Amino acid sequence: METVSTHLSFGGTQGVYTHQSSATGTQMTFSIFVPPQAASQKCPVLWYLSGLTCSHANVMDKGEYRRKAAELGLIIVCPDTSPRGGDVANAESWQMGQGAGFYVDATEAPWAAHFQMYSYVTKELPALIAEHFPADMSRQGITGHSMGGHGALTVALKNPDRFKSCSAFAPITNPSTADWSKGALAAYLGSDETKWAAYDTVRLIKSGAHVPEILVDQGVADTFFEGCNPYALQDACVGTDIALTLRLQDGYDHSYFFISTFMDDHLAWHAERLQA
């Protein structure tokens, strides 16, 4: 692991690091904010998965999470959204390829060689964080935006014993049906749609996957509202014991102006559930 940069912020440290990934076969970059409380104790970890076209840097620069994370004593880990590099497969469309890994383990050529993002964010990077940072891995939460919201929900549903809290900003809730995601799933996983179900929040819930609670904020003025389809998530949770808090926010769009507005709410919600 190599240090790209570190900066003191609100008494904690905002760092950016690179490492050679065995999961993706590439150099991967991630950011991590370590709060001041970590000087004397291990702190709970909140994962933030970013959306299409983004990297670790978007939320780091525009998410406005450090003040509240420092107050609450939360470590915030922000992985990249895909493998990158000259030998990594890419596409002309922004909806797949580099910057659009969808947090799946691809099985189809040419994507399978490097696009193993599910394994990266659930296995390899957590092991690296546990080894190098004062992280209490028994207290983990996960959140994300858009494609990253899809990732956060599916990762939590598939690993309910690991994650004590789960939330999302404008998640793609039913990517098997959304125009901006089903093409990527077909490319990464093949044409058999039954294989897509492992990475589709609505289908996972309908098949019995479970977490105790989910918090979702969705902007009503979001131009991607239909593709995010919050009502599909709401319908899927009916008749289950998943306590869904779906907040439709009038006037808000899909941008980091929206995310940063409600970031404090999400951090406080996670911190409450990650108490020892």
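Figure 1. Glu272 is exposed, at a relative accessible area of 58% (exposed means over 50%, buried under 20%, and partly exposed in between, with a 1.4 Å probe and protein chains only). Arg273 is partly exposed, at 22%. The two side chains meet in a salt bridge, 3.7 Å from N to O (a side-chain nitrogen of Lys or Arg within 4 Å of a carboxyl oxygen of Asp or Glu). Salt bridges with shared partners join Glu213, Glu272 and Arg273 into one network. In this and the other views the model is predicted: local features need pLDDT of at least 70, side-chain atom pairs count only at pLDDT 80 or more, and totals for chains, interfaces and linings use all residues. Residues are numbered from 1 along each chain as its sequence is written, and side-chain values use heavy atoms, with hydrogens and water left out.

**Figure 2. The salt bridge of Asp265 and Arg247.** The side chains of Asp265 and Arg247 meet at 3.0 Å, N to O, in a salt bridge. This pair links distant parts of the chain, 18 residues apart: Asp265 lies in helix α9 (residues 256-273) and Arg247 in strand β9 (residues 243-249). Helices (H or I, at least four residues) and strands (E, at least two) are DSSP runs, numbered from the N terminus. Asp265 has a relative accessibility of 36% and counts as partly exposed. Arg247 is also partly exposed, at 27%.

Figure 3. Lys68 and Glu71 form a salt bridge, with 3.3 Å between the closest N and O atoms. Both residues lie in helix α2 (residues 66-72). They are 3 residues apart, about one turn of the helix. Lys68 is buried, with a relative accessible area of 19%. Glu71 is exposed, at 53% relative accessibility. A search of the whole structure finds 8 salt bridges.

**Figure 4. Gln14 in strand β2.** Gln14 sits in strand β2 (residues 12-20). Its relative accessible area is 5%, so Gln14 counts as buried. The side chains of Gln14 and Arg66 are joined by a polar contact of 2.8 Å. A polar contact is a pair of N or O atoms within 3.5 Å; within protein, one must be able to donate a hydrogen and the other to accept it, and residues adjacent in sequence count only if both atoms are side-chain atoms. Beyond its neighbours within four places in sequence, Gln14 is in contact with residues including Ser5, His7, Ile32, Phe33, Met60 and Tyr65 (contact means heavy atoms within 4.5 Å).

**Figure 5. Thr24 between β2 and β3.** Thr24 is in the loop between β2 and β3 (27-34). Its relative accessibility is 0%, so Thr24 counts as buried. A polar contact of 2.7 Å joins the side chains of Thr24 and Thr26. With neighbours within four places in sequence left aside, Thr24 is in contact with Pro83, Ala113, His114, Gln116, Met117 and Tyr120.

**Figure 6. Phe133 and its contacts.** Phe133 lies in the loop between α3 (117-132) and β6 (135-144). The residue is buried, with a relative accessible area of 9%. Apart from neighbours within four places in sequence, Phe133 is in contact with Met1, Tyr17, Phe30, Ile32, Val34 and Leu128. Phe133 and Cys43 are 90 residues apart in sequence. In space, their C-alpha atoms are 9.4 Å apart.

**Figure 7. A nonpolar patch on the surface.** Val220, Tyr231 and Leu248 form this patch, with about 240 Å² of accessible area together. Patches are made of residues with over 30% relative accessible area and no salt bridge; like charges are joined within 9 Å, nonpolar side chains (Val, Leu, Ile, Met, Phe, Trp, Tyr) within 5 Å. Accessible areas come from the Shrake-Rupley method with a 1.4 Å probe; for residues, only the protein chains shown count as cover. Val220 is found in the loop between β8 (213-219) and α7 (225-228). Val220 is partly exposed, at 38% relative accessibility. The protein exposes about 10,900 Å², and carbon and sulfur atoms supply 49% of this area.
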